[in-house]
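Subject: Structure for your reading

Dear colleague,

Please find below the structure that I promised to hand over. The notes that follow set out what was found in it.

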Amino acid sequence: MFDFVNQKKTIVQIVLFIALLPFLFWGLESYQGMGSASDVASVDGEEISRQEYEQALRNQQENLRNMLGENFDASLLDSPQMRMAVLENLIQQKLLRHEAGRVGLAVLDSRLTAEIQNIALFHEDDKFSYERYRELLQRQGMSPAMFEARLAGDLMRQQLLEGITGSVIVSKTVADRIASLSETKYEINRVTINPEQYINQAEPDETAIQSYYDSHRQDFTLPERVRIEYVVLSLEELAKQEQISDEEIKKYFDEHQDEFGQAEERRASHILLTVPVGATEEQKAAIKAKAEQILEQVKQDPDKFPELAKELSEDPGSAKAGGDLGFFARGLMVKAFEDAAFEMQPGEIRGPVETPFGFHIIRLTAVKDANVAKFDEVKEGIRQTLQRQKAADRFGELSEDFSNIVYEQSDTLQPVAQMFNLSVQQSDWIDRNSKEPSVIANERMLQAIFSEGAIRDHYNTEAIEVAPDTFVSARVLEHRPASVQSIGLVKDKIIELLKQQIAAETAEEEGKQKLARLQAGETDESLEWGEPVEISYTQKRGSDEEMLHALFQADVEKLPAYTGVKTKKGGFDLIRINQVKVPAAESGSSQYTMLINQLQQVYGQEELNAYLAGLRQRYEVKIKPVEEND
């Protein structure tokens, strides 16, 4: 709902088109609060029901799905942080509504009516339609009174928020300073002190190795692991077991000729004279007579067909192409037109042919003969198709039998493997995040494998559908709890990490010492400065952020000036500032105005956060512990 801060007068459109039915149309039950349902929180005595909370989660999920598309991951809402954020949003809505009522804000009926009538969703023929308004609300289980009450509440919250964010003032001094910093350009040279040159000098002692091991034990912990056996029931595997005779394959081939090659196609041009809906017999006769006259013209001079089609045809799609319809197979044209076209010889002109569109003069321009594949070329493909069809007809029943057997004979997978002629496969050691084998790398599958019963009693897991038409059951053979590797096993790794750490510290210290000497006015002939480059905040790249901070803080009264920063890879960048270009503030420019707007938004959000924190203290807010909500 905090889109109101930025959207101002377009609040209702934004609510209805971005969050429309996901946020406002929660349905009759959630609107009335469902007092009988368990509540997850309360604000000043007003409950937030579990149903309202779960609906908000579903709405947020749908919003994320629309926003992220193929990148959407349903597990995004499984995190406690995200679920709490959704609940906090509901709490803030209640707080703002209570505060709006307390300060006496109200929405005039005239404004409410105007806002609703301006919502394009409720328009027909560019005008507000009360019938459409009622119909859309009814679909969501909401009456006009309910919607109007909710909309009035949203408008009151908007008034409250606009009063907070609209009062923010950005001083010209601050804006000028920020504008100047963002546009200031620095011409610099740079040289990097890389840690690699100090690696061979770094020799960590035993005390450092032991200390690192003791303070980073979690980094050397092997996760809980299991080794399993498993069976896979898939439609594809069952299909391979189906027996298909040569007679069945030949019958399918004969009955599905259109699947095994290119059907006959014909290319035609036409001139269409349309018949208006409701035309009288006299009108139809007149149009047909005109078509007959055109037919005589094109028969006398067939080469003029394209020219006449452009001039006389009432089919806008083909007229500009001289009436050309391109190649088409059977089933793509209306029957009367198709029957005529597939009876004609190339070059033949026929008409008038009557169809629901009107009267056609048809000219056949080309024919592509059917090209059917030979039986031997498609025989194996047909066999696989029939195998899959037969297996699919029984797969539902077979998958149920599969599930029953792994449950009833829960201490072995051999019976189910024998019954379905499946192989019992074994895995290497896997953990809860394993990606191989792929049929096991499924969240539900891994949860079942690492369940207490599967590990302690070595029972079969339930049959889990890990992919469409693919079921898996697994059984734990061996289990290893999470354990910390001994220092002997990881010592070489620790030594390598410490050498890199020591080398980075040495490079940084060396860089700082060189920087101090340069800033003191000394020269260093060993430094090989890079080519000069120009850098500014508006032209920065991701890796320039820390460097710009250092440049902003550098004393540039006397040039060249020097500064330095630690690099993300552990080295140290020495920077020589050769020139500083400070632009004059242009208070009337569009960029300056945009900057002011951005600063107002930032400050406004800070004011809003502080205001909401104050409301949280003013009103009693209770959030039920998780166990109470389950």
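Gln387 lies in helix α18 (residues 375-408); helices here are DSSP runs of H or I with at least four residues, strands are runs of E with at least two, and both are numbered from the N terminus. This is a predicted model, in which local features need pLDDT of at least 70 and side-chain atom pairs count only at pLDDT 80 or more, while totals for chains, interfaces and linings use all residues. Residues are numbered from 1 along each chain as its sequence is written, and side-chain values use heavy atoms, with hydrogens and water left out.

Is Gln387 buried or exposed? Gln387 is buried, with a relative accessible area of 12%; buried means under 20% relative accessible area, exposed over 50%, and partly exposed in between, with a 1.4 Å probe and protein chains only. The side chain of Gln387 reaches the backbone oxygen of Glu242 at 3.0 Å. Setting aside neighbours within four places in sequence, Gln387 has contacts (heavy atoms within 4.5 Å) with Ala239, Lys240, Glu242 and Ile244.

Two further helices may be checked for length. The expected span is 1.5 Å times one less than the number of residues. Helix α6 (residues 80-102) has 23 residues and should span 33 Å; its end C-alpha atoms are 33 Å apart, which agrees. Buried residues of α6 include Val86, Leu87 and Leu90. Just after α6, Gly104 takes a positive phi of about 85 degrees.

Turning to the strands, five of the five residues of β1 (residues 39-43) are buried, so β1 is largely enclosed by the rest of the structure. Strands pair if DSSP finds at least two bridges between them. β1 runs antiparallel to β2 (residues 46-49), joined by four bridges, and Ala41 has Ile48 of β2 as its bridge partner. Two residues lie between the strands of this hairpin, where Asp44 takes a positive phi near 50 degrees. β1 also pairs with β21 (residues 621-623) in the antiparallel sense, over three bridges; here Val43 stands opposite Val621.

For the protein chain overall, there are 25 helices and 21 strands. Buried residues make up 38% of its 630 residues.

Yours sincerely

Technical notes. A polar contact is a pair of N or O atoms within 3.5 Å; within protein, one must be able to donate a hydrogen and the other to accept it, and residues adjacent in sequence count only if both atoms are side-chain atoms.
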